[in-house]
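Open the structure in your viewer and keep the selection tool handy.

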Amino acid sequence: GTARGTRPRPAPLELLEGTALAIFAGGMGWLCLLWLRMVVSPAPQEMREGAIVLTTLALLDGRNPYAVEVAAVSGNLYGILYPLTVLPAAALFGPGLATHRAVNALFLLVAAWLVRHAARRAGAAPVPALVAALLCLAGWLYWVGPTVRPDGLGLACLIGALSVAAPDPASPRRFAAALALSLAGFATKIYFLGGAFIIAAHVFLFHGWRRGLVFGLATLAATAAWAFLLALLMPAWGRHVLFANVGAAGYDLAHLLRQGRDWAVFSLPLLAWAGAAAVTLEVRRWRGEAGFWGFAALCGLAVRLVARGGHTGAHMTYFFHLLTPPLAISLAAATAADSSPRRALVLMLPVAMLLNAHWFPLSPSRFAAAEARFAIAVDALASSRTSLVTTEFAALAALAGHTPVETGHSEYMVDEAAAEALRRRIAADLAARRFDVAVVNRNNGGLVLARDVEAAGYRRAASFPVDLVWAAQAWEADVWLPPR
């Protein structure tokens, strides 16, 4: 036995669990510090940040960013609610990249809190609930999720809608609140509407088909009315947001399998947790809220496999948005205080961190070096009256008072014939020396082409490497001036 007044020594497995949790906590702490460093960076972090900055600037000026004649410049492919949410902060602190990222960060934290809250309310123990939230957050921070994007707000709407309904999915009052959040998600990024449809399907299958059918029809009617109102207020919204996103839902099985493999490696703790829970837990543990969240995870997986399977958008984004959160909440709720599934989860955390370390090859010094290089573009744009830039410089140009042709989204808002006509117009403007500076990458892949700048006789004034640190994208760019 143990001496009176002394604590028993922890068992070896408990020591392993504690060590694994400490390693995971350290890794998450470092990742969050890097995240904070990225949020405040004045340098662009991905190719598409400029489009949303331009939407916010239009709103600050009292202009409709989705007016037909300007939508390709000031609109974005996601929707209006995120720029509207940024607007108060932009009015107070300026519409810079840091303001936009900070608002996204706030809502990513809200979404992570909602995961933990939903898991705890459904019966999860504190540690599994917290780990579930942090695993979700780690996935959302991967690649471009925490940059100038609507992901945080959309996730808060989606998880919030499901969380409101989870205790009693058949409740009309809960469904009405969930539908309101889903419609907000639709105005943020259209697939975040999905919460209301998941609730309606769950009620249809498990609580009575008549009420489920009513919920489904109500969701369809409300969505149609909401889409009509958005298109009425923003004439180009239907074409550039709704139809563009629906039309982009292609299918590429090889791409799906590649993303599925990467997600499985990233999500090894979740998969180990699921395997241990399936083997050790009784069927009754998967009822109630745990069953509701499990159904939501199956719906997210089905959407990924059937409708968005090969979409070549941001790598693994749909997995992290539609599958990971409800799966994590379901597992945490079903596990409750059971030790075997929790142990499988915790012990796999350091393994997953090691296997996925290559996704986050970041350091504070890399951000500083990238900022110094982007400062070359900032200085060139500050002394310019008429500039021409490629996508990665669109936000910097917009914040300097210029109107970029390439915004990160405008390239997808014009068909090939219109794009070619625009390239010819840009080439003619270059030949007429209408741009006093061009800050252009060497990729020759968008609307603004380096070869056209060079062919017009512009001289290379400076060259520098572009490093979009968080998106892990790098190439060369040049500052061009008209011939003397």
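Patches are made of residues with over 30% relative accessible area and no salt bridge, and nonpolar side chains are joined within 5 Å. Keep in mind that this is a predicted model.

**Stop 1: the surface.** Select Phe 197, Phe 204, Leu 205, Phe 206, Trp 209, Leu 213, Leu 217 and Leu 220. They form a nonpolar patch on the surface. Together they have about 810 Å² of accessible area. Now colour helix H9 (194-206) and helix H10 (209-233). These are the elements that give two or more residues to the patch.

Zoom in on Phe 206. It is found in helix H9. Is Phe 206 buried or exposed? Its relative accessible area is 54%, so it counts as exposed, since exposed means over 50%.

**Stop 2: helix H8.** Select residues 172-188. This helix has 17 residues, which should span 24 Å at 1.5 Å a residue. Its end C-alpha atoms are 24 Å apart, so the two values agree. Several residues of H8 are buried, including Phe 175, Leu 179, Leu 183 and Phe 186.

**Stop 3: the largest nonpolar core.** This core holds 117 residues. Which of them touch the most other members? Select Trp 35, Trp 140, Trp 237 and Trp 470 to see them. Then show helix H15 (residues 317-335), which gives the most to this core, with twelve residues.

Stay with Trp 140. Among the residues it touches are Leu 108, Val 115, Pro 146, Ile 159, Phe 320 and Pro 325.

Conventions: Residues are numbered from 1 along each chain as its sequence is written. This is a predicted model: local features need pLDDT of at least 70, side-chain atom pairs count only at pLDDT 80 or more; totals for chains, interfaces and linings use all residues. Side-chain values use heavy atoms; hydrogens and water are left out. A nonpolar core is a set of buried Ala, Val, Leu, Ile, Met, Phe, Trp, Tyr and Cys residues joined through side-chain atoms within 4.5 Å. Buried means under 20% relative accessible area, exposed over 50%, partly exposed in between (1.4 Å probe, protein chains only). Helices (H or I, at least four residues) and strands (E, at least two) are DSSP runs, numbered from the N terminus. Contact means heavy atoms within 4.5 Å. Patches are made of residues with over 30% relative accessible area and no salt bridge: like charges are joined within 9 Å, nonpolar side chains (Val, Leu, Ile, Met, Phe, Trp, Tyr) within 5 Å. Accessible areas come from the Shrake-Rupley method with a 1.4 Å probe; for residues, only the protein chains shown count as cover. A salt bridge is a side-chain nitrogen of Lys or Arg within 4 Å of a carboxyl oxygen of Asp or Glu. The expected span of a helix is 1.5 Å times one less than its number of residues. Lists of a residue's contacts leave out its neighbours within four places in sequence.
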